[in-house]
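Please read it alongside the sequence and the coordinates.

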4 protein chains.
Amino acid sequence: MNKFRVKCELDYETFAPLVFLLNVRAQDNESQKVLEESFSIMPQMPHTLLTCAITQNRFDRITAELPGTYHIRYEAVVESALEKIPVADLPPTTHEDFGLEQLPFLYPSRYCQSDRIGRLAFNLFGHLETPVQKVQGIIAWISENVAYTRGSTTANTSAMDTLVDHAGVCRDFAHLGIALCRALNIPARYFTGYAFELEPPDFHACFETWIGGRWMLWDATHLSSPDSVVRIGMGQDAADVSVCTSFGSLKVKRQKVVCEYLSETREKMSAEDLRRMVVCHEVRREAPPAPKPA
Amino acid sequence: MNKFRVKCELDYETFAPLVFLLNVRAQDNESQKVLEESFSIMPQMPHTLLTCAITQNRFDRITAELPGTYHIRYEAVVESALEKIPVADLPPTTHEDFGLEQLPFLYPSRYCQSDRIGRLAFNLFGHLETPVQKVQGIIAWISENVAYTRGSTTANTSAMDTLVDHAGVCRDFAHLGIALCRALNIPARYFTGYAFELEPPDFHACFETWIGGRWMLWDATHLSSPDSVVRIGMGQDAADVSVCTSFGSLKVKRQKVVCEYLSETREKMSAEDLRRMVVCHEVRREAPPAPKPA
Amino acid sequence: MNKFRVKCELDYETFAPLVFLLNVRAQDNESQKVLEESFSIMPQMPHTLLTCAITQNRFDRITAELPGTYHIRYEAVVESALEKIPVADLPPTTHEDFGLEQLPFLYPSRYCQSDRIGRLAFNLFGHLETPVQKVQGIIAWISENVAYTRGSTTANTSAMDTLVDHAGVCRDFAHLGIALCRALNIPARYFTGYAFELEPPDFHACFETWIGGRWMLWDATHLSSPDSVVRIGMGQDAADVSVCTSFGSLKVKRQKVVCEYLSETREKMSAEDLRRMVVCHEVRREAPPAPKPA
Amino acid sequence: MNKFRVKCELDYETFAPLVFLLNVRAQDNESQKVLEESFSIMPQMPHTLLTCAITQNRFDRITAELPGTYHIRYEAVVESALEKIPVADLPPTTHEDFGLEQLPFLYPSRYCQSDRIGRLAFNLFGHLETPVQKVQGIIAWISENVAYTRGSTTANTSAMDTLVDHAGVCRDFAHLGIALCRALNIPARYFTGYAFELEPPDFHACFETWIGGRWMLWDATHLSSPDSVVRIGMGQDAADVSVCTSFGSLKVKRQKVVCEYLSETREKMSAEDLRRMVVCHEVRREAPPAPKPA
């Protein structure tokens with residue numbers, strides 16, 4: 001059990017009345033408990049908390065009735081359950097070891113055009129035997145080839161661009177990892193969260209793969225440790241988990257993100273640990289789909 | 001109530017054992033009842049019927065244990081409930097009139113890069129007042145500008161390509177319609193089905209928009225009538241509703257699709273009807289999300 | 001005859017010895033005479049002036065033997081000959097009215113993918129009769145639809161992007177104008193120069209079309225007047241006329257551009273003038289190619 | 001000296017009067033002599049032979065005054081001078097060892113977006129020492145990674161697509177080779193020609209690099225031998241050397257290409273020869289540009 005205090009401060013400016021959705025709250029479920037939480041918006045405006053039944057992403061829907069600057073403050077104490085599993089202990093798995101819940105995470109999406117890169121993925125990683133080895137190979141390849149370059153990409157940048165440009169930020173690293181996994185028939189999804197010791201502090205993006213009946217977390221940037229992040233959202237890619245979706249023009253004026261470790265001792269995973277073990281944030285094994293015979 | 005007989009015959013060749021998912025069955029729910037149905041695969045192979053809890057798409061998961069040619073035959077009698085609503089009777093609606101269920105259909109997806117075309121959509125359709133007028137404007141623009149050209153596009157073609165190339169097939173028309181709607185904050189989703197009187201007969205693609213608490217069906221190609229289609233699948237775009245998803249190499253050798261009208265009389269919707277009325281395939285108004293106050 | 005004083009100040013930083021080519025000098029030929037000119041680089045380094053026989057672009061090839069910051073200063077007095085021709089006086093012309101010299105300007109290039117947009121160009125401008133009317137139609141369309149937005153594009157942005165995004169800067173406006181012209185079989189080329197009264201002062205990009213045996217200048221941004229620019233370079237698109245081509249890493253630290261009008265009186269072209277007249281910077285009609293019978 | 005007989009038969013259908021340019025004749029210059037030549041078009045139409053002063057590409061400009069089918073027959077006997085140089089004998093060379101004539105072949109072009117792939121090229125080939133080793137490394141990489149797949153690409157496919165898709169035909173192999181070379185500051189240009197023993201017979205595309213004061217020929221597909229091709233055209237990429245450029249709608253009905261070896265004995269270059277030697281089709285070393293001191 002890891003305990004974190006997470007915070008964000010967001011100042012937005014609006015020029016006309018509008019509605020916007022924020023996705024900054026920590027997920028609150030069996031794998032990750034929100035122990036305390038506060039959310040405020042100044043000036044006060046009508047707002048509603050919505051939780052998606054499918055993704056468990058939590059949205060604050062805000063009606064900004066007046067133009068002006070809105071100050072949003074969110075703070076939570078979160079306890080995260082984890083499963084660290086030695087790779088050697090994972091059950092053997094096959095491509096087809098997933099149900100309809102995982103199917104969307106095999107399909108190409110806005111920023112992860114896995115349909116284009118089947119040959120490329122096979123050429124680079126086809127020789128690796130198990131799904132975990134393939135993912136580890138993908139992450140090693142991204143680390144060696146893609147330069148983490150602040151400001152090198154935009155909101156339009158996709159995995160195909162990153163394959164060509166060999167530069168990007170955490171979002172792009174995650175998109176490329178996801179696209180390559182899907183191209184190898186490994187379900188993969190986008191993960192956003194608060195990350196401890198991320199430098200400079202910001203919202204972070206990682207990705208998860210479905211292997212052996214578990215979602216495992218990976219950070220291709222190596223800027224965070226997969227056992228030290230708090231999940232905000234998950235989705236097919238960044239399109240699904242924007243911090244802010246606004247129905248009208250909204251301008252970010254300031255953004256500050258904090259993630260502190262609260263438990264007394266923390267054993268940081270070493271590079272060796274990361275090679276030997278995988279980290280799962282959904283500790284309970286999902287029941288396999290119950291097919292009815294046709 | 002419209003009644004249809006739909007059929008498809010698919011012959012696939014495999015070169016090694018593999019698993020594949022077919023998505024050819026008519027949806028079976030309150031809006032569209034499957035009265036009779038048969039599905040066969042020759043030679044017989046283990047297969048399982050799976051229904052997605054979210055989309056209600058129905059998949060046949062087949063394990064082809066031997067290389068060779070597989071003959072798949074599907075046939076069903078389907079009764080489709082429809083609501084034809086005069087545009088004039090639609091309640092006034094606003095951008096924000098949707099819940100989390102509709103949110104994914106506002107976000108960009110693999111083939112519908114709505115995030116890129118906000119300015120373009122506003123330039124072309126911003127002057128139109130209501131959401132229905134905007135959709136009608138989009139469809140008129142697509143009809144005037146995009147040439148229906150068999151063979152002009154591939155499985156990689158997206159709405160952005162079609163905006164540039166001004167050519168495509170039903171899939172591309174639907175993707176462009178969806179992308180333009182989403183860019184105007186109108187939730188839009190992809191619809192595949194059997195279409196009566198489609199020439200030449202094939203699987204067909206249309207799109208739906210969420211306006212006034214209803215999903216309305218539109219065919220930007222005008223090749224089918226929105227009251228004469230049987231739904232197979234829905235999703236964010238074509239990535240979600242492939243006829244066949246295979247985990248290994250599978251080759252289509254033959255494909256035949258049939259859609260017959262069974263009811264005694266059919267009043268075809270005229271161009272005037274299509275201007276005056278919208279067609280909804282989900283007749284029951286979905287309950288609005290029950291937000292809990294934050 | 002218009003007379004201008006043009007200047008630029010460029011400071012570049014290098015981290016290792018390298019060679020770079022600058023393209024900042026005014027062209028010096030029958031249409032545009034350089035009356036005075038000075039070029040300096042501090043600290044002094046070996047450098048050579050090269051003039052391309054085909055484009056007449058003038059390059060300073062500099063060998064930066066030491067890492068450090070280089071201060072480049074260029075200043076010139078330039079006299080520009082122009083031909084303003086009433087549109088009504090242009091001879092009738094056809095698509096095929098050009099020789100091999102113009103052929104490269106009909107072909108697609110890095111940033112002007114005219115091969116993709118034949119249908120689009122025909123849909124938008126096919127109804128316009130003469131080549132000049134088509135170009136005027138293209139410029140009017142760009143002005144209405146594309147927002148001049150500083151910082152909205154990068155060095156990778158092409159005409160296809162601008163068609164989708166509806167935003168850009170002078171370079172993007174020129175690329176889109178060129179691509180649309182070529183798609184309509186009107187030879188078009190990229191023009192870079194110093195522009196009088198450009199606000200804020202910077203290098204500027206326009207485009208030229210070959211119609212009726214003349215290259216005519218157009219500015220789709222309307223930020224400069226086609227009779228008040230001094231040509232630096234021409235090419236198929238921006239790829240051919242970078243201010244600086246370096247063989248190694250070079251960083252711009254400062255850039256200042258000046259263009260002053262020296263002649264006593266200047267009659268600015270009105271919007272009405274621009275509708276009635278075209279401006280040609282190559283006053284001498286190029287001899288038609290002398291074909292030998294096959 | 002190698003001697004070849006080359007032929008092509010092209011049948012085109014037109015639906016309205018139009019002008020088109022053919023580029024099928026063998027170049028005729030110091031490096032490659034056309035000894036005999038015949039060209040016919042049936043029905044006879046006005047046509048003119050044009051030779052580009054820059055590229056030496058030879059165009060037949062044809063005015064098809066009537067709709068209908070045109071039968072074009074070209075046949076030539078060509079003697080090609082070659083220089084085979086042992087790699088070991090090449091003079092040492094540097095990036096900057098080229099003049100303005102080579103500059104366009106360093107810049108990105110329609111199908112060779114070298115500006116995008118600097119990091120990728122450096123990651124893959126930056127460790128190789130000499131320009132020839134870099135080119136050999138590029139060709140080996142393309143051979144290993146890109147599948148030669150008839151029908152996998154279209155006229156819109158570019159080097160960036162091929163980098164992602166890992167499939168293509170000779171045109172795509174050449175574009176990718178060119179883009180990678182330019183990204184490493186090696187001038188590279190597109191080469192089209194007749195190729196002996198190409199199977200099935202067709203027009204062929206290769207590329208040339210400027211190293212050590214020579215243009216060397218490379219075939220990344222290994223389908224032809226660089227000493228057994230007859231040059232038709234050269235340019236920045238395929239955009240510059242279409243077989244046919246038409247100003248109006250023209251449909252290919254039939255195309256047949258032949259290339260026979262006429263000399264008595266032919267020593268085919270072995271894989272070992274290709275590693276040890278480079279083949280230059282421009283035997284005369286171009287005079288270096290004569291810079292005038294600035």
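## Terms and model

Two strands pair if DSSP finds at least two bridges between them. Helices (H or I, at least four residues) and strands (E, at least two) are DSSP runs, numbered from the N terminus.

This is a predicted model: local features need pLDDT of at least 70, side-chain atom pairs count only at pLDDT 80 or more, and totals for chains, interfaces and linings use all residues. Residues are numbered from 1 along each chain as its sequence is written, while chains are lettered from A and ligands numbered from 1 in the order in which they are written.

## The six-stranded sheet of chain C

In chain C, 6 strands form an open sheet. Their order is β7-β16-β12-β11-β10-β13, with antiparallel pairing. The edges are held by β7 (83-86) and β13 (229-235) of chain C. Each has a single partner strand, so one side of each is left without a neighbour in the sheet. From one strand to the next, the twist averages 40°. Angles here run from 0 to 180 degrees between N-to-C directions, and axes are lines fitted to C-alpha atoms, for helices over the stretch in contact.

Within this sheet, strand β10 (residues 188-195) and strand β11 (residues 203-211) of chain C run antiparallel, joined by 7 bridges. C:Phe191 has C:Cys206 as its bridge partner in β11(C). Strands of a sheet pair through backbone hydrogen bonds, either parallel or antiparallel.

## Helices on that sheet

Helix α2 (residues 131-145) of chain C packs on the sheet. This helix touches β11, β12 (214-218) and β16 (277-280) of chain C. Contact means that the C-beta atoms of two residues, placed from the backbone, lie within 7 Å. The direction of α2 makes about 150° with that of β11(C).

Helix α4 (residues 170-183) of chain C lies across β10, β11 and β12 of chain C. Its direction runs at about 10° to β11(C).

## The four-stranded sheet of chain A

Chain A has an open sheet of 4 strands in the order β3-β6-β1-β15. The pairing is antiparallel. At the edges stand β3 (32-42) and β15 (250-261) of chain A. One side of each is left without a neighbour in the sheet, because each has a single partner strand. The twist averages 10° from one strand to the next.

Strand β1 (residues 2-14) of chain A pairs with β15(A) over 11 bridges, in the antiparallel sense. Opposite A:Val6 stands A:Cys259 in β15(A).

## Domains of chain A

The domain assignment of chain A gives domain 1 (2-80) and domain 2 (83-241 + 268-280). Such bounds come from an automatic or database domain assignment. Taken over C-alpha atoms, the centres of the two domains of chain A are 26 Å apart.

The contact takes 13 residues from domain 1 of chain A and 11 residues from domain 2 of chain A. On the domain 1 side, the elements that give two or more residues are β1 and β6 (68-80) of chain A. β1(A) gives the most, with 3 residues. That side divides into 5 nonpolar, 7 polar and 1 charged residues. Ala, Val, Leu, Ile, Met, Phe, Trp, Tyr, Cys and Pro count as nonpolar, Asp, Glu, Lys and Arg as charged, and the others, Gly among them, as polar.

## A covered strand in chain B

Strand β2 (residues 18-22) of chain B is mostly covered: 4 of its 5 residues are buried (20 or more other C-beta atoms within 10 Å of the residue's own, placed from the backbone). β2(B) pairs with strand β5 (residues 58-64) of chain B over 5 bridges, in the antiparallel sense. Another 4 bridges join β2(B) to strand β14 (residues 244-247) of chain B, also antiparallel.

B:Leu21 has a bridge partner in each of these strands. In β5(B) the partner is B:Arg61, and in β14(B) the partner is B:Thr245.

## How the chains meet

13 residues of chain A are in contact with 13 residues of chain D. On the chain A side, α1 (118-125) and α3 (159-165) of chain A give two or more residues. α3(A) gives the most, with 4 residues. By class, that side has 7 nonpolar, 3 polar and 3 charged residues.

A rotation of 180° with 0.0 Å of shift along its axis superposes chain A on chain D (RMSD 0.0 Å). That is the relation of a two-fold axis. In chain A, the C-alpha nearest the axis belongs to A:Val164, 3.8 Å from it. 100% of the interface residues of chain A are also interface residues in chain D, so the copies meet through the same surface.

Chain A and chain C do not touch, and their nearest C-alpha atoms are 10 Å apart. No contact joins chain B and chain D, whose closest C-alpha atoms lie 10 Å apart.

Conventions:
Least-squares fit on C-alpha atoms with pLDDT ≥ 70 in both. Buried ≥ 20, exposed ≤ 12 C-beta atoms within 10 Å, placed from the backbone.
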